[in-house]
Amino acid sequence: LSWERSPGINNWIVQAADGAGTISHSVSQPEYVVIEPQAGLVSYIVYPVADDGKKGLMSDGVSDHFSHARYLYQSGQFNAAVEAYRRSQAVIRDPRIDGEIVKCQIAESDRFVTLKDYENALNELRKASLVQGTNTAIALKAVNIYQVTHNYLGGVNYLQGVDYKADKDLLEQYIVLKYLAGDYDAVVLEADRYSLAYGRDEDVRRYLAGAYEARGDFADALSAYQELVARAPKFEDELKIAELQFQMKQYRAAESQLQLMLTRYSTQSLDRVRNLLGKCNLQSMNYGLAIDHYTAAIRINSDIAEYHHGLGTAYASDNKHADAQRSFLRAHQLAPNNAVFGLDYAKSLERQGNIESALRVMESVAEQVATNATAVDFHVLFADLLRQTGRIHEALGQITKAKSYHPDDFEISQKFADISAELQVQNLSRDVIEIRHVN
């Protein structure tokens, strides 16, 4: 509190009154400082005191809503604190008050986030923006909410409503949201904008690399990850390099990269490295090495179906069909809804003459089969198994699906013709049923 100094007045009495009573304070300067937040609302009256000790007329009372608001904020009563700050603005002019109101509204938003009440959390941030505009702290909190709720386009639209391009952190978050929303072209564009304005940032470059990969620009993705590794080698980035090299059929380069990782990251779980080495050697027809790497991956983590399936594929390629069947079985057990794993297990069962079991496996994963040309092998085997068990009509349905994807395939067309002819014979050989009209 402060007031004008009148001529001949060098002392004042400040009376502070709340619900508990009144306390008087003597001051020799025309001000009174309240340091501590006040649990209750305190009103102040000031008396001037002349040099002869006589009191002058008392001032009008002033209620200290500001100090009470500070107490309410510290005790977690954020909305009540906002109201108290607004009441203080009716009495005093202090530029700090708007900032305190914003702080309360941000804190209330944080409280709603902990309760997973994200809509109200966003509403509090909108209120804060109306007081002093949208600063970086408010925008980042809003973006976090849009990410947590997977409303990535909502977050993009929000940032487009503020000047995100002029703020380093907001531009980075815009790139993240575009990536999560699957707009990879925009990621590439904005990442270039970021680099020009703020230099090369590791996280932004990683999103750029991911965007290149997602849209099939594997060479650009590989170059971006290699740049990251050159600056600061990290396990995930190096593994991604090997994955991209494998994707681009650069099997020797991928294997060299992975072998280097085995020595560089010897203290980490290297099952994914071993798994990819198995894939590389499988493609290079080094089946013995592939088996060794897949076995090493399973030794590290035996609960990954992909590793068992890879091992089964390596065994089958090396004509070790009994071992292959055991591995395919384990893959199917770990991932019973995976159509590819089920197909290979069924193939191994058919090879051993276990037709009924193979058919049961195919039926168990039939609902998971892709509705495109990648499912041709599945439909062909399913048709063969159904035909061998006498379910000719169902077999025709499966081979018809296969033919719809590859209408010019000779083998599929021949199977279709054979099954169609067999069904026709079956229909002709059925007993004639006489239908009589009953009056």
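Predicted model: local features only at pLDDT ≥ 70, side-chain atom pairs only at ≥ 80, totals over all residues.

Trainee: How many bridges join strand E1 to E3?
Mentor: Eight bridges join E1, residues 9-18, to E3, and the two strands run antiparallel. Strands pair if DSSP finds at least two bridges between them. Helices (H or I, at least four residues) and strands (E, at least two) are DSSP runs, numbered from the N terminus.

Trainee: What is the order of the strands in the open sheet?
Mentor: The open sheet has four strands in the order E2-E1-E3-E4, with antiparallel pairing. Its edge strands are E2 (21-27) and E4, each of which pairs on one side only.

Trainee: New topic: how much space lies in the largest pocket?
Mentor: The largest pocket holds about 710 Å³ of space. On a 1 Å grid over the protein atoms alone, a pocket is an open set of points where a 1.4 Å probe fits, with protein on both sides within 12 Å along at least five of seven lines; lining residues have an atom within 4 Å of a point.

Trainee: Which residues lie nearest its centre?
Mentor: Of the 29 residues lining the largest pocket, Leu-1, Ser-2, Tyr-32, Val-62 and Ile-92 lie nearest its centre. Strand E3 (43-50), strand E4 (62-63) and helix H1 (65-74) are the elements that give two or more residues to this lining.

Trainee: And what is the lining of the largest pocket by class?
Mentor: The lining has 14 nonpolar, seven polar and eight charged residues.

Trainee: How many salt bridges does the structure hold?
Mentor: There are 28 salt bridges in the structure. A salt bridge is a side-chain nitrogen of Lys or Arg within 4 Å of a carboxyl oxygen of Asp or Glu. One of them joins the side chains of Asp-110 and Lys-141, at 3.1 Å from N to O. Asp-110 lies in helix H3 (residues 96-114) and Lys-141 in helix H5 (residues 136-148), so this pair ties together parts that are 31 residues apart in sequence.

Trainee: What about Arg-264 and Glu-238?
Mentor: They also form a salt bridge, with the closest N and O atoms 2.5 Å apart. Arg-264 lies in helix H12 (residues 251-264) and Glu-238 in helix H11 (residues 235-247), so the pair ties together parts that are 26 residues apart in sequence.

Trainee: Is Glu-238 buried or exposed?
Mentor: Glu-238 is buried, with a relative accessible area of 1%, whereas Arg-264 is partly exposed at 41%. Buried means under 20% relative accessible area, exposed over 50%, and partly exposed in between (1.4 Å probe, protein chains only).

Trainee: Which residue forms a salt bridge with Lys-240?
Mentor: Its partner is Glu-243, with the closest N and O atoms 3.3 Å apart. Lys-240 and Glu-243 are three residues apart in helix H11, so about one helical turn separates them.

Trainee: Lastly, to what does the count of disulfides come?
Mentor: The count comes to zero, a disulfide being a pair of cysteine sulfur atoms within 2.5 Å. As for individual cysteines, Cys-104 is buried at 1% relative accessible area, and Cys-280 is buried at 0%.

Definitions and conventions
Residues numbered from 1 in each chain as written. Heavy atoms only, no water. Points joined across faces, edges and corners; volume = space filled by probe spheres on them. Nonpolar A, V, L, I, M, F, W, Y, C, P; charged D, E, K, R; others polar.
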